[in-house]
Amino acid sequence: MAKKGTAPVRVGDRRELEIEGLVGGGEAIARLDGFPIFVPYAVPGDRIRARVISTKPGYARALIEEVLAPGPLRVQPECPVFSTCGGCQWQALGYADQVEWKTRLVAEALQRTGGLDPAGILKPTLPSPSPWHYRNKVHWAVGKAGGKWLVGLYEPRSHQIVDAPTCRIQGEANNQMLAVVRELLPRFDFEPYDEATGAGWLRSIFTKTGHGTGEVMLGLVTKNEFFDAGPAFVEAVRAAFPGVTTIVQNVHPEPGNKLLGRETIALFGPGVIREKIGPLEFSISAEAFFQVNAAAIELLYGEVAKAAHLETKPRVLDAYCGTGSIALFLAAQGARDVVGIEIVDKAVEDARANATRNGLEARFLVGAVEALLPKVLVAEGAPDVLVLDPPRKGCEPEVLAAVAKAGAARVIYVSCNPVTLARDLKLLAPTYVVESVQPVDMFPQTAHVECVAVLKKAAPAGTAQ
Ligand SMILES: C[S@@+](CC[C@H](N)C(=O)[O-])C[C@H]1O[C@@H](n2cnc3c(N)ncnc32)[C@H](O)[C@@H]1O
């Protein structure tokens, strides 16, 4: 009998496994004598033969060699590179089941990490208006193998590029642009950047599209600004894809796997694209974050607006505000004294321009939320509604401490990571009680899910609620 926590398998072993379920990162889980084995791309109910590829104290990981008996939830994946590409984890699971599993995984995070009982607070996940071709942004990795260009996403947990001529979750314009770039790269004398040595020039390629405006941005991320072939490249892209509205070069000389550098040069067009959310129009720079599933944004922000009780004309502070999209969505419907805080200066420039463009009043501050929010809350007092929409790692402890101390009547926490959301909800208790958590599927075919958690300030001890 193996020691507790020691893997009962070794790397290279082949085993038959019954898949029990899915876990937060998107992999499926099977157990061998109670020992967890994670299997990417498998589906609950599958019986598979798998090969063990790694063992760790407490768990192992294995890859499917053969699906011996498909589970009842298994469907035919649409994409030919599904099961090597790291982009989608759940294409072999039908869409309705994906949505149901997202709710289950949010429930598990709330319970395990947040110590919360999901019953009564967690609502069923709202599906995306479209389960395919929904993304408005993509960052393609580029490289060469045997003299041939590779353009695609990475394999999971690696920097091996999966060459992909098209992507089922990208919008049509992103795929058209991918085809153009694949065609043009061999005609230009670019060298792909080598992460290990720092040699080469072209680091990656991105496109952003405005779902509601049809505008398209192509961006090249390069090690330095020298680009003698720039005008010829711009001309070739415009000839092949006349719908492109701007072409930019982002200069990124630093090592490491941050996607973008600090400087962006507009080679053609305004250097930004515009997008619409309802009646509002937003300008988006290369560096600025914007929700990737444009058709689902109104669904997500609609949940925020409902929770903000805009009929009461609340004062709103939007922390981690990006291009000001939530702040302005709320300002347009009655929120007042709206303030946004965001660390990326280009996004704040966009946010200010977006306020003006839409004739709305809002102030946007550039800086880290952890540095600015505590000061703003002391100087201006607590808003009625405090929106937190941090990146995947969640809020810094000092942010949560300042939020608890200031005591806004309502906190609306928008999160793309149920585990850090649950952790932060636990840290905000007992000052705040969680009224509801609404998952919204902004990322079909993947294990990712967005959540809107609505928190109400708890009544002081000894008072009736
Ligand atoms: C998940 S996005 C949300 C943006 C916006 N609310 C939206 O819906 O488009 C998180 C944003 O936080 C910004 N950010 C990340 N770390 C930050 C920090 N420490 N302080 C301020 N903003 C930060 C990112 O640049 C990004 O714009």
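Is Asn 175 buried or exposed? Select Asn 175 and look at its surface: it is buried, with a relative accessible area of 11%. Buried means under 20% relative accessible area, exposed over 50%, and partly exposed in between, with a 1.4 Å probe and protein chains only.

The model is predicted: local features need pLDDT of at least 70, side-chain atom pairs count only at pLDDT 80 or more, and totals for chains, interfaces and linings use all residues. Residues are numbered from 1 along each chain as its sequence is written, and side-chain values use heavy atoms, with hydrogens and water left out.

**Stop 1: Asn 175**

Asn 175 sits in helix H2, residues 172-184. Helices (H or I, at least four residues) and strands (E, at least two) are DSSP runs, numbered from the N terminus. Contact here means heavy atoms within 4.5 Å. Asn 175 and His 133 are 42 residues apart in sequence, and their C-alpha atoms are 9.3 Å apart in space.

**Stop 2: Thr 207**

Next, select Thr 207 in strand E9, residues 202-209. Thr 207 is buried, at a relative accessible area of 1%. Show the side chain of Asn 174 as well: a polar contact of 2.7 Å joins it to the side chain of Thr 207. A polar contact is a pair of N or O atoms within 3.5 Å; within protein, one must be able to donate a hydrogen and the other to accept it, and residues adjacent in sequence count only if both atoms are side-chain atoms. Beyond its neighbours within four places in sequence, Thr 207 has contacts that include Val 138, Met 177 and Leu 218.

**Stop 3: Arg 238**

Move to helix H3, residues 230-240, and pick Arg 238. Arg 238 counts as partly exposed, at 42% relative accessibility. With neighbours within four places in sequence left aside, Arg 238 is in contact with Val 244, Ile 247 and Phe 268.

**Stop 4: the ligand**

Select the ligand and the 18 residues that surround it; the closest are Gln 291, Tyr 301, Glu 342, Val 369 and Asp 389. A residue is near a molecule or strand if one of its heavy atoms lies within 4 Å of it. Polar side-chain atoms of Tyr 301 and Glu 342 each lie by a ligand oxygen atom, at 2.6 Å for Tyr 301 and at 2.7 Å for Glu 342. For Glu 370, a polar side-chain atom is 3.0 Å from a nitrogen atom of the ligand. Helix H5 (325-331) and H7 are the elements that give two or more residues to the shell around the ligand.

**Stop 5: helix H8**

Select residues 397-406, helix H8, where Val 399, Leu 400, Ala 402, Val 403 and Ala 404 are buried. The buried residues of H8 pack against partners that include helix H7 (369-380), strand E19 (410-415) and helix H9 (418-428). Gly 407 follows H8 and has a positive phi, near 70°.

**Stop 6: two cysteines**

A disulfide is a pair of cysteine sulfur atoms within 2.5 Å, and the count by this rule is zero. Select Cys 395: its nearest cysteine sulfur, that of Cys 416, is 11 Å away. Cys 395 counts as buried at 5% relative accessibility. For Cys 416, the nearest cysteine sulfur is that of Cys 451, 9.6 Å away.
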